[in-house]
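Colleague: I have a model open and would like to learn how to read it. Could you walk me through a few features?

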Amino acid sequence: MSAVPPEAAAGSSPAAIPTATASANTNIALIKYWGKVDEVQAIPATSSLSLTLGGTRTTTTVSFDGGDGAADSVTINGSSSSGAELARVSRFLDLVRSRSGITAAATVTSRASVPLAAGLASSAAGFAALAAAASRAAGMDLDDRELSRLARRGSGSATRSIFGGLVRWNAGHDDASSYAEPVACEMDLAMVVVVLSKSDKSISSTRGMRATMSTSPLFPAWVEASGKDLQVALEAVRAGDLERLGEVVEGNALGMHATMMAARPGIIYWLPQTVAALHGIRAMRQEGLPAWATIDAGPNVKVLTEGARAEEVAAALRDRLPAAAVSVRRPGGGARIEDGP
């Protein structure tokens, strides 16, 4: 993404307040990311693979205009941010300011196209859009790999939302080596999202990762297995083998949740409906439908399937889970600069 001219970023006149607008879609991990070996740099314990979903864009405008009384001002979905949410965005903006040389506080306005109740995590799209908009407004000349590294510092999974389609996040060992990149894929993929609960999860992902890494006796084995799962998944993508891909995707997610459940005390995000959904998806496969489950840190289920049969899979899920909200999501594009607010 090309940067704004440096003279504009300097904010030399009121008419040249450095401003940019960007958007990004969210993504769903197929081979999971769970646990950081370096929380400051957001270096993950494992590499991961994800699918960026279309129609899930968060659009964010950043203006380095002095903010609100020389402090950053953040508005998300029409509500002013405060406390931990504001502090998290400000820390990220501090990173942009330190790298770009810009000093002004910022006004940030962000709006998600998909409601939080839709069962899709917003932080990946939110921080990918923030990284693109803030770096553009600050005059930073970042290529996509550099932008993915920057987005990672806001939210680990945001590094993958810089790119569209299938995306690999290389875990690496430091800032330079931990980045995302697109994966060539000719498969017709889709994701069916099954929302079983709209409640906030009781344990945040950050807390859950820390507890799992430090107390679960299964975590080291899952890290080792996850590396092998990623290679199997990539081989399946190259071969166009949806069944093989689906099997490793479902197994990787179940393994991740097993590590959480084995933590001391155990971390259980699932509800009874989650288990019912898993049994239903298995039964659907036995009936010939291409459907494989994946579950992030929460009770809701996403179902990997063939794009041409996604509506058929969604209909079967609605029949089996009448209380759930079921929607079909197809692959989407990466982060982009928009024309304006």
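Predicted model: local features only at pLDDT ≥ 70, side-chain atom pairs only at ≥ 80, totals over all residues.

Colleague: Let's begin with the open sheet of 6 strands: what is the order of its strands?

Modeller: To read a sheet, follow the pairing from strand to strand. Here the order is β8-β7-β9-β6-β1-β16, and the pairing is mixed. The edges are β8 (79–80) and β16 (336–338), each of which pairs on one side only. Helix α3 (residues 123–137) packs on this sheet and touches β1, β6, β9 (107–112) and β16. The direction of α3 makes about 155° with that of β1.

Colleague: And within that sheet, how many bridges pair β1 with β6?

Modeller: Strand β1 (residues 19–24) and strand β6 (residues 58–63) are antiparallel partners over 6 bridges. To find your place, look for Thr21, which sits opposite Thr61 in β6.

Colleague: Now for β14: which strands pair with it?

Modeller: Strand β12 (residues 189–195) pairs with β14 in the antiparallel sense over 6 bridges, with Val194 and Val301 as bridge partners. Strand β13 (residues 292–294) also runs antiparallel to β14, joined to it by 3 bridges. There, Thr294 faces Lys302. A hairpin of 6 residues links β13 to β14.

Colleague: Why is β14 described as largely enclosed?

Modeller: Count its buried residues, meaning those under 20% relative accessible area. In β14 (residues 301–306), 5 of the 6 residues are buried, so the strand is largely enclosed by the rest of the structure.

Colleague: Let's zoom in on single residues. Is Thr259 buried or exposed?

Modeller: Compare the relative accessible area with the cut-off we used above. Thr259 has 1%, so it is buried. Its place is in helix α8 (residues 242–261), and its side chain reaches the backbone oxygen of Met256 at 2.5 Å. Beyond its sequence neighbours up to four places away, Thr259 touches Thr212, Ser216, Leu218, Phe219 and Trp222.

Colleague: And Thr52, where does it lie?

Modeller: Thr52 is in strand β5 (residues 48–52). With 0% relative accessibility, Thr52 counts as buried too. Outside four places in sequence, its contacts include Asn25, Arg160, Phe163 and Arg330.

Technical notes:
Residues numbered from 1 in each chain as written. Heavy atoms only, no water. Buried < 20%, exposed > 50% of the residue type's maximum accessible area, 1.4 Å probe, protein only. Helix = DSSP H or I, 4+ residues; strand = E, 2+ residues; numbered from the N terminus. Pairing = 2+ DSSP bridges. Polar contact = N/O pair within 3.5 Å; in protein donor to acceptor, adjacent residues only side chain to side chain. Contact = heavy atoms within 4.5 Å. Axes fitted to C-alpha atoms, helices over the stretch in contact; angles between N-to-C directions.
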